[in-house]
Each structure stands twice: as structure tokens, then as C-alpha cells.
Amino acid sequence: MTTPTRNNTYQPHSTAQSESLAGTPLASFTRRALALWIDMLVAGVSFAAISIGGILAADKLGLVHETKQIDLKFSFFGNWYSIVWLVLYFTLYTYFGHGQTLGKKLCRIRVVSTIHNHLSLWHSFERALGYGTSTLEAGFGFFQYFIRSDRRTVHDRIAETIVVAEPHL
């Protein structure tokens with residue numbers, strides 16, 4: 001009795017989008033890191049501004065009493081609401097910015113999908129959550145940029161994206 005042979009090898013999907021990206025210059029690690037640093041700064045300042053504004057509005061509406069103590073922690077990763085803010089910031093900015101957050105825009109880099117013509121809201125969300133995965137194990141997911149020939153980090157692979165350098169204008 002003969003057993004049918006099966007091809008047990010991985011066959012990557014080739015799409016028109018991935019073919020159209022061939023030869024596109026990838027963003028350098030320095031520009032990507034600087035963009036992330038800028039975005040974390042913008043996210044932190046906006047988080048603080050919205051939190052303080054919310055407290056002041058609650059005070060004006062009489063929702064906060066002088067006898068009640070408010071305990072807000074202004075540290076990312078120290079509480080659930082700051083993590084939610086980071087995910088929202090990166091998701092919405094990437095989606096509505098067509099692959100560019102403020103940091104990426106300033107560094108002239110852009111996130112593009114390797115399988116679709118544009119980034120969907122879902123891909124932007126996956127990428128935002130993927131930052132957490134890249135941070136695990138002392139940030140090893142970010143440093144995979146240096147190991148992989150396609151310069152994709154963990155969050156790039158999760159969301160099926162690459163980060164490209166914008167042409168100089």
C-alpha cells in the first residue's frame with residue numbers, strides 16, 4: 001500500500017501588493033526607534049492632558065468631592081487605562097494617518113501592508129497590540145530587525161506590515 005505524498009513545506013502567499021513592494025527602501029532602525037520615542041512622548045503628554053482635563057471637568061460638574069482622593073498614576077504600563085490609551089493612540093493614528101503616526105511622519109517613514117493596498121483598522125489594531133509582544137523579553141521583538149533579512153520586527157509580522165522610508169521631497 002502506498003501512501004500519497006504530501007508537500008510539507010511552507011509556501012508563502014504572493015500577492016499583487018507584496019510584489020509591488022519589491023525593491024522599496026526599508027526604514028532604518030534609527031528612524032524607527034526615534035519615531036517610537038516621539039510617539040511615546042506625544043502619547044504621554046496627550047494622556048496627561050486628557051486625564052487632567054477630565055478631572056477638572058469632573059470637579060466643575062461636582063462629581064469630585066474634596067473629601068475624596070483621586071489616585072491617578074501617570075506611568076505607562078503601570079495601569080490598565082494607560083495601556084488602553086497607548087493601543088488607541090497607535091491604532092487610530094496609524095489608521096487615520098495612512099500608516100503614519102506623528103513620530104513616523106516626522107521621521108519620514110510609513111507602515112504599509114504586505115497583503116492589502118491600504119492598512120485596515122484591524123491591521124492597525126494588531127500592530128498596536130504587537131508592540132506589547134515586541135517589548136516582551138527585554139525588547140527582543142524590536143531587535144529582530146537586525147536578525148531578519150526583511151527587517152521585520154514581531155509587531156510587523158503580526159500585522160503583516162513593513163516600515164518603509166518615505167522618499168525625500
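Two strands pair if DSSP finds at least two bridges between them. That cut-off opens the first exercise. The model is predicted.

**Exercise 1. Strand pairing**

Task: Find how many bridges join β1 to strand β2, and in which direction the two run.

Solution: 
- Step 1. Locate the strands. β1 covers residues 109–113, and β2 covers residues 161–165.
- Step 2. Count the bridges. Five join β1 to β2. The pairing cut-off is at least two bridges.
- Step 3. Read the direction. The strands run antiparallel.
- Step 4. Pick a partner. Val-111 has Val-163 in β2 as its bridge partner.
- Step 5. Check the cover. Four of the five residues of β1 are buried.
- Step 6. The chain has six helices and two strands, in the order α-α-α-α-β-α-α-β.

**Exercise 2. A buried pair of opposite charges**

Task: Lys-104 is buried; state which side chain of opposite charge is nearest and how far away that side chain is.

Solution: 
- Step 1. Place the residues. Lys-104 is in helix α4 (residues 102–106). Asp-39 is in helix α2.
- Step 2. Apply the cut-off. A salt bridge needs a side-chain nitrogen of Lys or Arg within 4 Å of a carboxyl oxygen of Asp or Glu.
- Step 3. List the surroundings, leaving aside neighbours within four places in sequence. Lys-104 contacts Ala-35, Asp-39, Gly-99, Ile-109, Val-111, Arg-127 and Tyr-131. For Asp-39, the contacts include Tyr-89, Phe-90 and Thr-101.

**Exercise 3. Aromatic rings**

Task: Classify the aromatic pair of Phe-90 and Tyr-131 as stacked, tilted or edge-to-face.

Solution: 
- Step 1. Note the count. There are 13 aromatic pairs in the structure.
- Step 2. Read the geometry. Phe-90 and Tyr-131 are 4.8 Å centre to centre, with 50° between the planes.
- Step 3. Apply the cut-offs. Under 30 degrees is stacked, over 60 is edge-to-face, and the rest is tilted. The pair is therefore tilted.
- Step 4. Trace the link. Phe-90 is in helix α3 (residues 80–96) and Tyr-131 in helix α5 (residues 121–143), so the pair ties together parts 41 residues apart.
- Step 5. Check burial. Phe-90 is buried at 4% relative accessibility, and Tyr-131 is buried at 11%.
- Step 6. Contrast a second pair. The rings of Phe-143 and Phe-146 have centres 6.3 Å apart and planes at 20°, so that pair is stacked. Phe-143 is partly exposed at 42%.
- Step 7. Widen the view. Ring pairs link Tyr-89, Phe-90, Tyr-93, Tyr-131 and Phe-142 into a cluster.
- Step 8. The charged end of Arg-151 sits over the ring of Tyr-145, 5.4 Å from the ring centre.

**Exercise 4. Positive phi**

Task: Say where His-98 is found and whether His-98 counts as buried or exposed.

Solution: 
- Step 1. Recall the background. Most residues other than glycine have a negative phi.
- Step 2. Read the angle. His-98 has a positive phi of about 55°.
- Step 3. His-98 is in the loop between α3 and α4.
- Step 4. Check accessibility. His-98 counts as exposed, at 62%.
- Step 5. Take a second case. Glu-137 also has a positive phi, near 55°. Glu-137 lies in helix α5 and is exposed, at 68%.

Methods. Residues numbered from 1 in each chain as written. Predicted model: local features only at pLDDT ≥ 70, side-chain atom pairs only at ≥ 80, totals over all residues. Heavy atoms only, no water. Phe/Tyr/Trp six-rings, centres within 6.5 Å; stacked < 30°, edge-to-face > 60°. Buried < 20%, exposed > 50% of the residue type's maximum accessible area, 1.4 Å probe, protein only. Lys NZ or Arg CZ within 6 Å of the ring centre and 35° of its normal. Lys, Arg positive; Asp, Glu negative; His and termini not counted. Contact = heavy atoms within 4.5 Å.
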